[in-house]
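Hello,

Here is the structure you are taking over. Notes on what was found in it follow below.

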Amino acid sequence: MAASTRAKYRFLIVALLIAQLGAAREEKSDRPELWFPVGERLTYKVYWGIFPVAETKVTNHLFEEEDGEEKRILLAIQVVTKSYALLDTIYPVDDFIESVVDPVTFKPLRFTKRLSEGRYRLNEVTLFNHNDRIAHWKHLVKNDTKDFAIEDDTRDLMSFMYFMRSQKFAPNTNYHYRVMADEKLYDLFVHTKNIVQLNLSKFGPAKCLYIEPEAKFQGLFVRTGTLQVWISRDARCLCAKAVAKAPIIGSVKLLLDKVEGPGNDSWVKNGRASAAGGRKSGGTQHAD
């Protein structure tokens with residue numbers, strides 16, 4: 001049971017990170033100029049079947065770090081997942097993933113992953129040397145190390161997903177990318193489908209691009225199951241919903257629950273309101 005549950009959560013992380021894919025933003029942020037709001041905080045509720053089992057927060061912020069005698073401004077992108085009390089009694093989950101990015105080149109400098117899932121523990125860090133095209137990986141628990149070659153535009157999955165928010169995706173098109181995961185470079189395929197109107201209980205109707213990604217990370221074949229993602233077709237390009245289905249794992253669903261941080265658009269306003277129940281909208285797909 002522990003192995004299948006751990007697989008479920010790893011599958012979930014892949015689903016959430018791939019779900020950050022979106023179309024180009026029209027508005028820009030300040031210092032440095034980026035295509036998404038710096039300080040954005042997204043909260044997702046995680047369901048296993050019909051049961052809410054965890055909460056995932058996706059955040060980003062700028063910070064200063066010493067670089068020799070100078071200081072530089074970097075961007076931290078973080079994903080934190082914690083299980084609810086219902087699951088804590090049998091399989092507690094407390095995961096932290098962070099990508100530290102140079103906001104000028106938007107290439108990663110450091111990728112950290114700390115996972116605590118039941119009895120399973122993982123604590124590793126990858127340092128990127130883009131000049132020499134080498135990444136240095138270290139397992140901080142087992143003290144294992146490994147160097148591997150990277151490409152000029154290599155990004156870890158998280159920094160890659162945020163980078164892709166600057167790109168424009170066309171409906172009914174296939175895309176192919178290469179990303180770093182598990183000390184290797186992997187193929188990632190993105191199949192965009194049609195544009196639909198999704199009805200979200202807390203945010204009302206939202207026009208979304210429906211996407212079916214394929215990838216292989218940590219030995220999990222997304223191809224053996226299905227992964228469905230809905231990305232809002234607006235300036236925010238938010239993942240509104242993601243559903244992963246696979247044998248043994250079953251169905252894992254993520255629903256956007258709250259949008260906080262800069263901005264005063266409908267996402268932030270409705271997130272603050274947290275209205276009970278969903279708004280009625282004819283001709284929409286219901287997210288729940």
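Helices (H or I, at least four residues) and strands (E, at least two) are DSSP runs, numbered from the N terminus. This is a predicted model, in which local features need pLDDT of at least 70 and side-chain atom pairs count only at pLDDT 80 or more, while totals for chains, interfaces and linings use all residues. Residues are numbered from 1 along each chain as its sequence is written, and side-chain values use heavy atoms, with hydrogens and water left out.

Strands. Strand S2 covers residues 51-67, and Phe51 belongs to it. Two strands count as paired if DSSP finds at least two bridges between them. S2 runs antiparallel to strand S3 (residues 70-83), with 14 bridges joining them. In this pair, Asn60 is opposite Ile77 of S3. The two strands make a hairpin with two residues between them, and Gly68 in the turn has a positive phi of about 70 degrees. S3 is also joined to strand S4 (residues 94-102), again antiparallel, by eight bridges. There, Gln78 is opposite Glu98 of S4.

Cysteines. With a disulfide taken as a pair of cysteine sulfur atoms within 2.5 Å, the count is zero. For Cys208, the closest cysteine sulfur is that of Cys239, 8.8 Å away, which is too far for a bond. Cys208 is buried (under 20% relative accessible area; exposed is over 50%, partly exposed in between; 1.4 Å probe, protein chains only), at 0% relative accessibility. Cys237 is buried too, with a relative accessible area of 0%.

Regards
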